[in-house]
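Colleague: Can you walk me through this one? I have the sequence and the model open.

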Amino acid sequence: SAPALEEIESNVPDMKQTEKPKAKEEPPRKENAATKKEETPVAPKKTKRIGLTKVFSKKKNARETDLKALLADDATAPNLAELLAKTLTFGAPGRFPKVVGLPGGMPMETFDLELAKEKLIAAQTDSGLSLKESAEVFANVVNCMLIDIVDLASTSLKEKDDKLTVDAINIV
């Protein structure tokens, strides 16, 4: 067993506890009407917190989420949207079953960047859209395709087999 503190030899003297000096007390001030100030309590500033509902809520915007709506006859430049979707899908058709099911097949046998660019510029010119309007069509098509990818990934997370989940996410 360990020795008690009293049994340990030491050359360090015991410290004596001293009292702290008392702070000077100031006599109470005499207040008169000229020196008296009314103190109003100041409320602490509230910090704005972003709740989870705000983070995950859908923002209202005009971005389309359904590719079928972009390909409808009354849509803005449906031919451009279809060509763009098919071109972006090239090389990964299994990931976008909605695009593969479109009539007309793929626009190229093998992917050629220059040919794809020429076809997209021709479709944009034929549609009569400005660059800004074409960019909006492009953004809508990409948004629809991203939603498809996220849907594929999220459904694979529900699988109980880890290997199946990992393989599915790798495909996405």
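**A helix and its neighbour**

Modeller: Start with the contacts in the chain between residues at least 6 apart in sequence: 54% of them join residues at least 24 apart. Keep in mind that this is a predicted model.

Colleague: OK. How many helices and strands are there in the chain?

Modeller: The chain has seven helices and zero strands. Buried residues make up 18% of its 172 residues.

Colleague: Let's look at H3. How many residues does it have, and how far does it reach?

Modeller: H3 covers residues 78-89, which is 12 residues. From its first C-alpha to its last it reaches 16 Å, close to the 16 Å expected at 1.5 Å a residue.

Colleague: Is H3 enclosed or open?

Modeller: H3 is largely enclosed by the rest of the structure, because nine of its 12 residues are buried. Among them are Pro-78, Ala-81, Lys-86 and Thr-89.

Colleague: And what happens just after H3?

Modeller: Gly-91 comes there, with a positive phi of about 95°.

Colleague: Different topic. At what angle do H3 and H5 pack?

Modeller: The angle between H3 and H5, residues 113-127, is about 165°, and their axes are 9 Å apart. An angle over 145 degrees counts as roughly antiparallel, so H3 is roughly antiparallel to H5. The crossing is left-handed.

Colleague: Which residues make the contact?

Modeller: On H3 they are Leu-80, Leu-83, Leu-84 and Thr-87; on H5 they are Ala-116, Lys-119, Leu-120, Ala-123 and Gln-124. Six of these contact residues are nonpolar, two are polar and one is charged.

How values were computed
Residues numbered from 1 in each chain as written. Predicted model: local features only at pLDDT ≥ 70, side-chain atom pairs only at ≥ 80, totals over all residues. Heavy atoms only, no water. Helix = DSSP H or I, 4+ residues; strand = E, 2+ residues; numbered from the N terminus. Expected span 1.5 Å × (residues − 1). Buried < 20%, exposed > 50% of the residue type's maximum accessible area, 1.4 Å probe, protein only. Axes fitted to C-alpha atoms, helices over the stretch in contact; angles between N-to-C directions. Parallel < 35°, antiparallel > 145°, perpendicular 65-115°, else oblique. Left-handed = near helix turned anticlockwise from the far one by under 90°. Contact = heavy atoms within 4.5 Å. Nonpolar A, V, L, I, M, F, W, Y, C, P; charged D, E, K, R; others polar.
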